[in-house]
Amino acid sequence: MKRIYFLAFVSTTTNTLYPILYLMKFVRTILVIVLNWISLVAVSQPANAVYANAETHSANVTNQANAINAGAIVKPDNSFATLTASTVVGTTTTWIQLAFPASVTASAGTPKTVYVRTNDFSAALLGGGIDIEAYTGASGTSGALSAPAYSTYALSDGTMLLGVVLSSTFRSVRVTLRSPAALGSNSLNVYHAFYGPTQTNNSNPYPFNAADCGLPNVTQTATSGLTVGSFGVSGAGNAIDGDPTNTKSTFYATGLSVLSGTISQTFYFNGVSNSADAVRLVLSQGGSLVALDLAKSISVQGYSGDTPVGTSVLLNTLLDADLLGLLGTSNTRASVYFAPKNASGVSVVFDKVTVSIDIGLLGVALGANGLNIHDIRRVPDMPASSDITVCNNIGSGIITALTSQESILGSSAFTYKWYSVLRNGVSLFTGKAYNLSGLTAPGQKSYYVEIEKGSCGVVSARKETKVTTIAAPIAPLLNLSP
Amino acid sequence: MSLCLALILSLSAFDSKADIYYVIDGESFTLTPSVNNLFQYLWVLDPASGSPISTTLDQASGGVYTRAVTLAAPAVAETHTLTLSVLGVVDGCLSDLVTHTIIVLPKITVSVTASKSNFCLNLPVDASLTASVTAVTGLGTYGVTLSPFVWSKDGSVITGETTSTLAVTTPGVYKALVSYVLPTTGSYIPTGSKLTNAINGLTTTILHNLPVATVPSISIN
């Protein structure tokens with residue numbers, strides 16, 4: 001969610017203050033631009049998140065005051081406490097317990113998810129680990145809740161959220177870091193803990209924000225069926241940092257003893273999509289796999305909460321020859337559009353998308369730089385348009401496009417642009433109705449129309465619109481019968 | 001169907017002036033298209049007037065258009081326009097409009113008056129016939145003229161007699177005719193014409209059978 005800070009100025013209406021007002025406006029604009037940029041990169045919390053504001057800790061914790069919303073610290077920010085657990089003679093544990101301002105009511109029917117933001121510890125903890133427990137007291141270990149294991153979410157800035165779903169009333173959570181199995185040290189940075197009081201589901205508790213330009217809030221990675229070797233997704237948060245060019249997450253699998261199993265990355269969007277939304281994926285591969293083979297092993301699935309929606313789609317069905325060519329070339333990005341639809345071709349709403357590679361289907365080693373996801377975000381699906389037929393003796397016609405989302409967001413929310421090519425190219429016309437003329441030669445020509453929602457700068461896929469020019473007959477010569 | 005509408009609405013479609021046909025007031029004429037298997041032929045007579053007459057002909061008819069045009073004033077020649085557009089196939093494109101000109105010429109009556117239509121048997125026939133043509137107007141617009149007179153006696157043409165008067169010395173049924181001469185220069189050169197029944201020549205009969213009065217015999221008593 002973006003945060004926009006407005007600096008309010010009190011002004012008196014005298015002429016001498018006008019130059020000052022302009023300077024204030026300029027400064028405010030720069031400040032807004034800077035803060036918007038920062039917040040695009042910053043973590044995504046609900047606007048009404050409640051942060052832990054008191055803490056207790058064990059030894060080997062430094063900067064503990066940074067982990068709570070108290071005193072000089074206003075959460076969310078990027079300050080953190082550091083836990084260090086070292087193994088010298090035997091293993092040790094270090095913990096910090098973060099308490100909320102008041103008891104948080106939760107039950108099996110209305111659970112609450114607590115998120116703890118930490119640094120990225122996915123590099124091995126050397127056989128140690130992290131535990132999270134919840135308690136009814138603000139400190140101490142009385143009133144321990146039975147909590148399931150936490151889920152790990154990657155954020156766009158490289159930090160992580162550990163989410164634990166609690167089904168009974170609690171007051172505090174304790175994060176415990178265990179030292180390595182052998183001699184050595186583990187360390188963990190803890191930024192803060194929060195929960196969303198108005199969360200409506202456990203898989204995506206963030207409130208919907210229509211103006212988010214479609215970026216996911218958090219992402220998760222998972223593997224299954226893989227044991228021996230080095231495998232997973234590195235740099236998960238890079239896929240959701242808003243940079244579709246340079247930064248990327250990478251699916252890798254090396255040293256596998258058997259070629260089977262799946263690696264997946266799941267993207268959580270800011271609430272449920274509009275009807276007729278799609279997802280734009282920017283992908284590349286770092287190796288030299290055959291693009292078609294790679295694409296046939298990748299599936300994309302939409303979810304609403306934990307329920308799969310729409311049919312699962314293999315990536316090769318979303319790629320045409322040009323995109324296959326791009327994907328086949330190492331480190332060359334291809335933009336692919338995926339619009340979740342059910343078996344009847346009707347658009348479905350979703351708040352989560354999972355991209356999975358089936359190593360068994362791929363058949364060969366994924367390698368160290370298998371699949372890269374540079375960017376994934378929600379965009380409107382391509383607009384609808386109708387093909388037209390034009391008579392060559394009229395030579396003109398109008399092609400029009402319309403997105404069904406206009407009924408949700410209004411017509412001024414969208415910019416329509418027409419092209420003569422499916423990708424790239426120069427826009428021929430901006431607007432819903434494109435007047436064509438000079439259509440004097442019989443034949444068929446295709447035009448392609450895309451829409452951009454607001455000023456996000458990300459456009460939908462292009463809809464092909466065919467213009468067929470047919471030849472008109474000629475009135476024949478006459479013969480006057482006597 | 002939207003194509004038809006589009007063409008009808010956009011009269012800026014290329015419009016070509018094509019043929020010029022001369023026909024006679026009230027006499028039917030037939031125009032046959034050279035391509036007879038098009039899906040539909042749309043003829044409109046006088047599209048720009050207050051009362052255009054549209055005729056839509058299907059493929060089976062071959063588009064053959066038959067019509068008779070009656071002059072508003074029987075002695076005044078008129079110009080009419082006849083447009084043709086065709087559809088090659090159902091839901092296909094409508095052709096450009098072709099505009100033809102139909103020039104309707106009045107019917108002419110040539111009447112003959114005789115100075116004297118019967119003569120005494122004992123006198124030679126000596127009549128002077130004068131032919132007169134119904135006055136028609138509007139021919140000059142097109143460059144149409146009337147030919148010199150052609151006199152005939154009892155159905156046979158009298159050669160060399162081309163003026164409006166004929167000196168007659170023998171009885172018989174006399175008739176004078178003229179014909180329309182269509183222009184060979186100017187803007188109204190005909191593409192075709194149907195001028196049958198244009199001219200009605202009225203006959204005049206010159207008789208020579210007036211009985212001579214017999215002088216009665218005189219007797220004195």
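What does K153(B) count as at 24% relative accessibility? The legends below begin with the residue that this question concerns.

**View 1. The salt bridge between K153(B) and D154(B).** In this predicted model, local features need pLDDT of at least 70 and side-chain atom pairs count only at pLDDT 80 or more, while totals for chains, interfaces and linings use all residues. Residues are numbered from 1 along each chain as its sequence is written, chains are lettered from A and ligands numbered from 1 in the order in which they are written, and side-chain values use heavy atoms, with hydrogens and water left out. K153(B) counts as partly exposed at 24% relative accessibility, where buried means under 20% relative accessible area, exposed means over 50% and partly exposed lies in between, with a 1.4 Å probe and protein chains only. Elsewhere, R280(A), D375(A) and R377(A) are joined into one network by salt bridges that share partners. Over all chains, the rule gives a count of 13 salt bridges.

**View 2. The salt bridge between R423(A) and D322(A).** The closest N and O atoms of R423(A) and D322(A) are 3.7 Å apart. This pair links distant parts of the chain, 101 residues apart, with R423(A) in the loop between β25 (414–419) and β26 (429–430) of chain A and D322(A) in helix α3 (residues 321–328) of chain A. Helices (H or I, at least four residues) and strands (E, at least two) are DSSP runs, numbered from the N terminus. R423(A) is partly exposed, with a relative accessible area of 26%, whereas D322(A) counts as exposed at 53%.

**View 3. The salt bridge between K107(B) and E27(B).** Here the closest N and O atoms are 2.6 Å apart. K107(B) lies in the loop between β7 and β8 (108–114) of chain B and E27(B) in the loop between β1 and β2 of chain B, so the pair ties together parts that are 80 residues apart in sequence. K107(B) is partly exposed, with a relative accessible area of 39%, whereas E27(B) counts as buried at 16%.

**View 4. The largest nonpolar core and the surroundings of L315(A).** A nonpolar core is a set of buried Ala, Val, Leu, Ile, Met, Phe, Trp, Tyr and Cys residues joined through side-chain atoms within 4.5 Å. The largest such core has 40 residues, of which I263(A), L315(A) and L366(A) touch the most other members. When neighbours within four places in sequence are left aside, L315(A) is in contact (heavy atoms within 4.5 Å) with L283(A), A295(A), I298(A), V300(A), L327(A) and V336(A). A second, separate core of 31 residues includes V61(A), L98(A), F100(A) and M160(A). In soluble globular proteins, nonpolar side chains tend to be buried together.

**View 5. The interface of chain B and chain A.** In this interface, 30 residues of chain B are in contact with 18 residues of chain A. The two chains bury about 1700 Å² between them, 70% of it on carbon and sulfur atoms, where buried area is the accessible area (1.4 Å probe) that two parts lose on being put together, summed over both. Across the interface of chain B and chain A the rule finds zero salt bridges. The side of chain B that touches chain A takes at least two residues from each of several elements, including α1 (2–9), β1 (15–24) and β2 (28–33) of chain B. The largest share, five residues, comes from β2(B).

**View 6. N393(A) and its partners in chain B.** N393(A) lies in the loop between β23 (388–391) and β24 (397–402) of chain A and is buried, with a relative accessible area of 18%. Not counting residues up to four places away in sequence, N393(A) touches A472(A), L94(B), S95(B) and D96(B). A polar atom of the side chain of N393(A) lies 2.8 Å from the backbone oxygen of L94(B).

Methods: A salt bridge is a side-chain nitrogen of Lys or Arg within 4 Å of a carboxyl oxygen of Asp or Glu. A polar contact is a pair of N or O atoms within 3.5 Å; within protein, one must be able to donate a hydrogen and the other to accept it, and residues adjacent in sequence count only if both atoms are side-chain atoms.
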